Amino acid sequence: MTDIQELLLSRIRDVADYPEPGVMFKDITPLLADPAAFTALTDALAQIAADTGATKVVGLEARGFILGAPVAVRAGLGFIPVRKAGKLPGATLRQAYDLEYGSAEIEVHAEDLTAGDRVLIVDDVLATGGTAAAAIHLIQRAGAEVSGLAVLMELGFLAGRTRLEAALDGAPLQALLQV
């Protein structure tokens with residue numbers, strides 16, 4: 001394990017039975033409260049942005065905003081929020097996706113992504129991959145290219161990586177931590 005992985009893991013708190021019995025929630029708020037850990041995380045994700053040749057960073061609501069915005073600033077790139085449906089004013093592109101029980105929709109401003117953009121998607125956790133897959137399709141529908149997906153943590157037992165391989169079409173999926 002690398003020094004940054006040890007630092008990040010030491011600042012993530014396990015919360016048992018949240019949001020429901022049997023779930024072990026990974027709380028990143030202690031990491032965000034620690035300036036050294038948050039800076040190390042931001043720097044690592046900004047390096048991934050540079051390595052993938054990204055021209056913009058997309059953050060997925062809501063914790064992807066917290067991570068993606070400082071990554072974009074550090075990397076000198078624009079930041080684009082991908083929001084839950086109905087939260088953005090003006091013309092949007094919308095993408096539906098399935099959840100474990102039901103479905104949801106996300107959207108982006110139609111003019112924020114263009115054909116010349118290479119987009120790094122940033123989020124806190126990769127679980128089943130449903131939201132990330134929807135974001136990939138949304139970015140592609142906007143005419144942009146996905147340069148990669150970067151997450152703080154990947155919950156490998158939920159097989160999100162496998163679900164995303166085809167959609168990523170060779171773009172890297174990088175998780176700083178495997179849980």
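**Terms and their grounds**

Q: Where is Asp169 found?
A: Asp169 is found in the loop between H6 and strand E9 (173-178). Helices (H or I, at least four residues) and strands (E, at least two) are DSSP runs, numbered from the N terminus. The model is predicted, and local features need pLDDT of at least 70, side-chain atom pairs count only at pLDDT 80 or more, while totals for chains, interfaces and linings use all residues. Residues are numbered from 1 along each chain as its sequence is written, and side-chain values use heavy atoms, leaving out hydrogens and water.

Q: Why is Asp169 called exposed?
A: Buried means under 20% relative accessible area, exposed over 50%, and partly exposed in between (1.4 Å probe, protein chains only). Asp169 has a relative accessibility of 68% and therefore counts as exposed.

Q: What makes Ala159 partly exposed?
A: The relative accessibility of Ala159 is 40%, so this residue counts as partly exposed. Ala159 is placed in the loop between E8 and helix H6 (160-168).

Q: What is noted about phi at Ala159 and Asp169?
A: Most residues other than glycine have a negative phi. Ala159 is not a glycine, yet its phi is positive, about 60°. Asp169 is likewise not a glycine and has a positive phi of about 50°.

Q: Why is strand E7 described as largely enclosed by the rest of the structure?
A: Strand E7 (residues 118-126) has nine residues, and seven of them are buried, so the strand is largely enclosed.

Q: How do you know that E7 pairs with E3 and with E8?
A: Two strands pair if DSSP finds at least two bridges between them. Four bridges join strand E3 (residues 56-60) to E7 in a parallel arrangement, with Gly59 bridged to Val122 in E7. E7 and strand E8 (residues 145-154) are parallel and share eight bridges, and the partner of Ile121 in E8 is Leu149.

Q: What makes E5 and E9 edge strands?
A: Seven strands form an open sheet of mixed pairing, in the order E5-E6-E4-E3-E7-E8-E9. Strand E5 (92-99) and E9 each have a single partner strand, so one side of each lacks a neighbour in the sheet. From one strand to the next, the twist averages 20°.

Q: Why are H5 and H6 called roughly parallel?
A: Angles under 35 degrees count as roughly parallel, over 145 as roughly antiparallel, 65 to 115 as roughly perpendicular and the rest as oblique. Axes are lines fitted to C-alpha atoms, for helices over the stretch in contact, and angles run from 0 to 180 degrees between N-to-C directions. The axes of H5 and H6 come within 9 Å and cross at roughly 5°. H5 is therefore roughly parallel to H6. Residues making the contact (heavy atoms within 4.5 Å) include Ile136 and His137 of H5 and Leu164 and Leu168 of H6.

Q: How do you know that Glu154 is buried, and what does its side chain contact?
A: Glu154, in strand E8, has a relative accessible area of 5% and is therefore buried. Its side chain makes a polar contact of 3.0 Å with the side chain of Gln178. A polar contact is a pair of N or O atoms within 3.5 Å; within protein, one must be able to donate a hydrogen and the other to accept it, and residues adjacent in sequence count only if both atoms are side-chain atoms. Leaving aside neighbours within four places in sequence, Glu154 is in contact with residues including Leu126, Arg161 and Leu173.
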